[in-house]
Amino acid sequence: MARFVRWYGSGPLHLLVLIASFALTGYALVRLFAVQPWEVAIWFVGAAILHDLILLPLYSLADLSALSVLRHRSGGVPQVPWINYLRVPAFLSGVLLLVWFPLILDLAIPYQGDTGLHEGVYLGRWLAITGVLFGASALTFALRLRRVLLAARADEERPPTDRDGSP
């Protein structure tokens, strides 16, 4: 097992899940190409161009900007890795925007009969979900920071010990 992990880099369950996801993706591509081959090819190329040439540089720049602006901290405070508490809600909000942007930006043909909702509610709901995501992330970060600060304070109050463990 250790030899496999050293050779592959992870456990066999990871490899099994990866193979299953590739098989499912291949099955979906075969089914989609059988029905609409040109539309799928155009969508795939368009998505690759949109992601690689436009979105990747934009969110890489946003990530680097956030890192450079928020990097400076005082040395006396214990460090907590904070960037993922910003990345995760931003990513989830971005995915929601990417999937639902025609409704959020009111670009879609109205289908109130299907959903029972007016077109104007989607922007407010997306903003509310985004706010909840960032709020939950900030709360999680604050709780982790509090735990780290309490642990650091407990370490400072503990009397120093010799090598043999006696005070």
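**View 1. Buried residues of helix H4.** Ile83, Pro89, Ser93, Leu103 and Ile104 are the buried residues of H4. Buried means under 20% relative accessible area, exposed means over 50%, and partly exposed lies in between (1.4 Å probe, protein chains only). Helices are DSSP runs of H or I with at least four residues, strands are runs of E with at least two, and both are numbered from the N terminus. The model is predicted: local features need pLDDT of at least 70, side-chain atom pairs count only at pLDDT 80 or more, and totals for chains, interfaces and linings use all residues. Residues are numbered from 1 along each chain as its sequence is written, and side-chain values use heavy atoms, with hydrogens and water left out.

View 2. H4 covers residues 83–104, 22 residues in total. Its end C-alpha atoms are only 27 Å apart, short of the 32 Å that a straight helix would reach at 1.5 Å a residue. The expected span is 1.5 Å times one less than the number of residues in the helix. Where does H4 bend? The bend is at Leu98 and comes to about 55°. A proline, Pro102, follows within four residues. The bend at a residue is the angle between axes fitted to the seven residues ending there and the seven starting there.

View 3. Asp106 sits in the loop between H4 and helix H5 (112–115). Its phi is near 60°, a positive value in a residue other than glycine. Most residues other than glycine have a negative phi. Asp106 is partly exposed, at 48% relative accessible area.

**View 4. The salt bridge between Asp63 and Arg87.** The side chains of Asp63 and Arg87 meet in a salt bridge, 2.8 Å from N to O. The pair links distant parts of the chain: Asp63 lies in helix H3 (residues 37–70) and Arg87 in helix H4, 24 residues apart. A salt bridge is a side-chain nitrogen of Lys or Arg within 4 Å of a carboxyl oxygen of Asp or Glu. By this rule the count is 1 salt bridge. Are the two partners buried or partly exposed? Asp63 is partly exposed, with a relative accessible area of 21%. Arg87 is also partly exposed, at 35%.

**View 5. Phe4 in helix H1.** Phe4 is found in H1, residues 2–8. Phe4 is partly exposed, at 24% relative accessible area. Which residues does Phe4 touch, not counting those up to four places away in sequence? They are Gly9, Ser10, Gly11, Pro12 and Leu15. Contact means heavy atoms within 4.5 Å.

**View 6. Helix H6.** H6 runs over residues 121–157 and has 37 residues. From first C-alpha to last it reaches 53 Å, close to the 54 Å expected at 1.5 Å a residue. Tyr122, Trp126, Thr130, Ser137 and Phe141 are buried in H6. Residues 123–143 are 100% helix and 0% strand, with end C-alpha atoms 30 Å apart. An unreviewed UniProt entry lists 123–143 as a "transmembrane region", along with 12–34, 40–61 and 82–103. Such annotations may be inferred rather than shown by experiment.

**View 7. The chain as a whole.** The secondary structure comes to 6 helices and 0 strands. Buried residues make up 8% of the 167 residues. Among contacts between residues at least 6 apart in sequence, 39% join residues at least 24 apart.
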